[in-house]
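Open the model in your viewer and keep the selection panel at hand. We will go chain by chain, then look at where the chains meet.

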Amino acid sequence: MDKLRKFVWFPTPYHSVLLWLVWQILHDFSRGHMVLGAVFAIIIPWIVAPLSEEAAVAKKPIKALMYTFRLLIDIAVSNYDVAKRVLQSNRSLKPAFIVVPLDIKDPVPLTIFTSSVSLTPGTVSVELSDDRKWLYVHVLHLEDEQALIKLIKDRYEAPLKEIFGC
Amino acid sequence: MTVFLEVVVSVLLVFGAIVMLIGSIGLAKLPDYFTRLHAPTKASTLGVACILVASMIFFSVQLGHVNLKEVLITMFLLITAPVAAHMLGKAGLHYKVKMTDSTQNQHLAKKAYLQQNPDDK
Amino acid sequence: MLSVAILIACALICCALALNAWRLIIGPTTPDRIIAVDTMYINSIALIILLGIHQGSAIYYESALLIALLGFVSTSAFCKYLLRGDIIE
């Protein structure tokens, strides 16, 4: 250890709240487990925080919630789309590879972005280039390449850039 | 259990099962590896989410208190499905699986493969 | 009505599992078989949840959670093995 970390009461507040909530869900919100969960939610981050690297934190939580809701709606819509394509004949399918230029560099927003791309508009992220500038994406049915790239960038990357402020 | 909730649970169960079946049909019939990757990641995740929500409503009514345990499985599947799909896609590129001839931009796949294995020209 | 819905859902998911098994057998390549296993564990989670609703007991939830955890770990281990020829480096 080259430098001693200063002691912080809540090194990862979001994770503490999440840990407490998951503990409550697993134990049906009983009073004893509320206390026990709170103890765990305070002690475990003390032990774990020095092991993990600094990660980006969402700077705009309300925007992040909005993004999550929109993602859920998009998942339903794109499922309908994929189901339609699956039930059509294979010959009408136009699969393709595309490459999406990336503006985000930070690992956490990048993971959320690639996961959103995989879950939503008929696309699966396949490979990330080494310099984190390009994302290779496989599309189930491609009509217009530029329009799809623009859709992905506007709909998923721009809000994430705003949320994480990078 | 009221009639309304029973109808909601039944519709969610059957809808989820149909969506999962469509995902599996896609897995069985689509022409090549990368198109087959689409069906399970999207359809199966939504289908299992529907069934888990139905189960959540059912047990909340039956046990008489709010039961959110199934939300954990749903969130876990929603988070891990794209990660698994990404790893499967990488493995497919590495394995040089055959693509259908109608696939556009096949040179991009080759480029991504060369980046994984720079020595293999 | 609920029992009929559960039966229909069970039948549909069993068809889905049969299709997955077919893909698992004919395969043509190893990655194809991994996708088949990946889809199979998701389908089996749904089947276990349906069994839980049918019997009216909430204890099947734990097994569904365990399958979800281990399924993801096994899929990533398979992929890692294909990518590197080794699981732990």
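Start by selecting chain A and colouring it by secondary structure: from the N terminus on, its elements run α-α-α-β-α-β-β-α. That makes five helices and three strands, where helices (H or I, at least four residues) and strands (E, at least two) are DSSP runs numbered from the N terminus. Before moving on, note that this is a predicted model, in which local features need pLDDT of at least 70 and side-chain atom pairs count only at pLDDT 80 or more, while totals for chains, interfaces and linings use all residues. As for labels, residues are numbered from 1 along each chain as its sequence is written, and chains are lettered from A and ligands numbered from 1 in the order in which they are written.

Stay on chain A and show its C-alpha trace, which spans about 60 × 45 × 25 Å along its principal axes. How does the radius of gyration of chain A compare with that of a compact globule? Chain A has 20 Å, whereas a compact globule of 166 residues would have a value near 15 Å; the radius is taken over C-alpha atoms, and the globule rule is 2.2 Å times the number of residues to the power 0.38.

Now colour chain A by domain, selecting 13-51 for domain 1 and 61-164 for domain 2. These bounds come from an automatic or database domain assignment. The C-alpha centres of the two domains lie 33 Å apart.

Among the contacts in chain A with a separation of 6 or more, 69% join residues 24 or more positions apart.

Bring in chain B and select its contact with chain A, which takes 35 residues from chain A and 37 residues from chain B. Which element of chain A gives the largest share of its side? H3(A) does, with eight residues. By class, the chain A side has 21 nonpolar, ten polar and four charged residues; Ala, Val, Leu, Ile, Met, Phe, Trp, Tyr, Cys and Pro count as nonpolar, Asp, Glu, Lys and Arg as charged, and the others, Gly among them, as polar.

With chain B still selected, highlight 12-31, 43-65 and 71-89, which an unreviewed UniProt entry annotates as "transmembrane region". Such annotations may be inferred rather than shown by experiment. Residues 12-31 of chain B are 90% helix and 0% strand, with end C-alpha atoms 30 Å apart. For residues 43-65 of chain B, the span is 91% helix and the ends lie 31 Å apart.

Chains A and C do not touch, and their nearest C-alpha atoms are 10 Å apart.

To finish, colour by confidence: the model scores ipTM 0.86 and pTM 0.85. Chain C has a mean pLDDT of 87, pLDDT being the predictor's confidence in each residue, from 0 to 100.

Methods
Contact = placed C-beta atoms within 7 Å.
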